[in-house]
Amino acid sequence: MEKKILVTRSSMPGFEEYVDEIRELWDSRWLTNMGKKHNELTEKLKEYLKVPGLELMVNGHSALEAAIQAFGFEKGSEVITTPFTFASTTHAIVRCGLKPVFADIDPKTCCLDPTCAESLITDKTVAILPVHVYGHICDVDAIDAIAKKHGLKVIYDAAHAFGETVDGRGVGSFGDASIFSFHATKVFHTIEGGCVCFSDPAYGKEIYYLKDFGIVDEENVARVGENGKMNEFAAAMGLCNLRHLEGEIESRAQVVKRYRQHLSSVPGISLGMDYEGTNIKSNNAYFPAIFGDEFPMDRDEVHRILGENNIGARKYFYPLTNSFDCYKDCGYDPKRDTPVAWDISKRVLTLPLFAHLPLEDVDRICSIITGVKL
Ligand code: T4K
């Protein structure tokens with residue numbers, strides 16, 4: 001049996017490099033609570049992500065909850081969002097006491113469809129929460145125009161979009177706030193981690209309070225905050241990984257290129273966005289393939305056959321979050337309300353993609369899918 005290939009594999013710096021980075025922690029004994037590594041990583045990431053303000057968080061989900069909570073929306077208010085995402089996006093809205101209202105997605109990008117989002121605005125709507133899913137960029141101009149017209153906040157879930165730019169502008173600078181995930185499975189990681197990006201310093205201060213129990217000083221606690229702080233070992237991993245990031249992204253690009261060579265003209269398969277030669281700098285985070293009726297196998301069959309060959313493709317993002325059991329009493333009807341997302345969620349597979357995935361493995365994966373001996 002061939003070796004197992006999973007959907008992704010964490011990038012790691014050299015062992016010695018990480019040990020060198022954490023060595024000083026044995027002298028300082030300062031391990032968390034906004035230490036030196038935390039602050040250094042904050043500054044480096046502000047520059048890399050091209051954002052004016054950034055607060056590191058313990059994970060992407062905490063970042064999202066803090067980003068929402070910091071606006072102080074009235075409980076029960078509505079947030080228009082996409083169901084074609086990881087559980088975190090929807091859960092964060094609900095856990096902040098707000099109601100997710102699901103808009104359909106654009107079939108090309110799989111991101112929130114702005115026209116559909118606008119049609120769902122009511123007098124209870126306070127925000128739009130789109131996701132740059134797979135690192136595909138949302139229609140930020142249309143979303144911005146709608147938000148301005150209706151006086152809504154925009155919070156981007158940019159968990160998949162680390163380091164991407166549009167016309168040289170950091171993707172985290174769109175909207176009122178954006179969050180990134182630095183989970184071990186991401187293009188850039190701190191083992192677990194994330195951040196909130198923003199341009200308003202007063203909002204940034206709120207995030208800072210929220211991630212540190214709402215503590216203002218030793219005698220004053222002004223917010224009902226959480227413990228969302230990134231520790232020094234995580235920040236050190238980030239500092240190491242950041243040094244190798246460009247090489248990692250380039251290596252991913254080679255893998256993506258090989259997939260495209262094999263799959264882009266196969267009838268019945270459509271692939272994720274190709275930003276090569278456009279104004280968008282992609283991070284090659286995920287490689288989604290959508291299996292249409294024309295393809296001789298359906299998605300589940302392809303998934304099964306790959307599995308039998310020890311290849312762990314994933315059904316990101318199936319099921320839709322508006323069909324989760326935990327929301328079954330909320331009155332959502334995914335097939336009726338979000339038909340495009342419903343259809344794509346049943347057809348999509350994300351294929352293995354990580355830096356240094358051998359190109360021969362990509363060849364093998366593609367030949368299993370297409371049945372063509374390469
Ligand atoms: N918003 C969006 C749109 C998100 O996609 C996510 C997270 C969030 C918000 C929240 O961010 P965080 O709070 O997680 O920072 C994985 C990740 O755990 C999750 O971070 C990610 N999205 C989601 C799309 O994927 P699972 O349940 O699929 O992970 P798992 O354990 O099945 O791992 C997937 C593959 O990754 C494994 O087959 C092998 C590889 N792997 C995994 C781990 C844990 C490694 O190579 N190293 C590792 O340490 O959720």
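Trainee: In which loop is Phe317 found?

Mentor: Helices (H or I, at least four residues) and strands (E, at least two) are DSSP runs, numbered from the N terminus. Phe317 is found in the loop between strand E16 (311–312) and helix H11 (334–337). The peptide bond from Tyr316 to Phe317 is cis, with omega near 10°. Pro319 lies in that loop between E16 and H11 as well, and the bond from Tyr318 to Pro319 is also cis, with omega near -5°.

Trainee: What conventions apply to the model?

Mentor: The model is predicted: local features need pLDDT of at least 70 and side-chain atom pairs count only at pLDDT 80 or more, while totals for chains, interfaces and linings use all residues. Residues are numbered from 1 along each chain as its sequence is written, and side-chain values use heavy atoms, with hydrogens and water left out.

Trainee: How many residues surround the ligand, and which are the closest?

Mentor: A residue is near a molecule if one of its heavy atoms lies within 4 Å of it. Here 26 residues surround the ligand, and the closest are Asp157, His160, Ser181, Arg314 and Tyr316. By class, the shell has 9 nonpolar, 13 polar and 4 charged residues; Ala, Val, Leu, Ile, Met, Phe, Trp, Tyr, Cys and Pro count as nonpolar, Asp, Glu, Lys and Arg as charged, and the others, Gly among them, as polar.

Trainee: Which atom of the ligand is 2.7 Å from the side chain of Asp157?

Mentor: A polar contact is a pair of N or O atoms within 3.5 Å; within protein, one must be able to donate a hydrogen and the other to accept it, and residues adjacent in sequence count only if both atoms are side-chain atoms. A nitrogen atom of the ligand is 2.7 Å from an N or O atom in the Asp157 side chain. For His160, the ligand atom is an oxygen, 2.7 Å from a side-chain N or O atom. A polar side-chain atom of Arg314 lies 2.8 Å from a ligand oxygen.

Trainee: Why does the ligand lie between two domains?

Mentor: Domain bounds come from an automatic or database domain assignment. Domain 1 (15–243) and domain 2 (245–370) both give residues to the shell around the ligand, so the ligand lies between them.

Trainee: What is the strand order in the open sheet of 3 strands?

Mentor: Two strands pair if DSSP finds at least two bridges between them. The order is E8-E7-E14, with antiparallel pairing. Strand E8 (169–170) and strand E14 (280–281) stand at the edges with a single partner strand each, so one side of each has no neighbour in the sheet. Strand E7 (residues 165–166) is joined to E14 by 2 bridges, and Thr165 stands opposite Lys281 in E14.

Trainee: Where does Asn33 lie?

Mentor: Asn33 lies in the loop between helix H2 (25–28) and helix H3 (36–49). Although Asn33 is not a glycine, its phi is positive, at about 60°.
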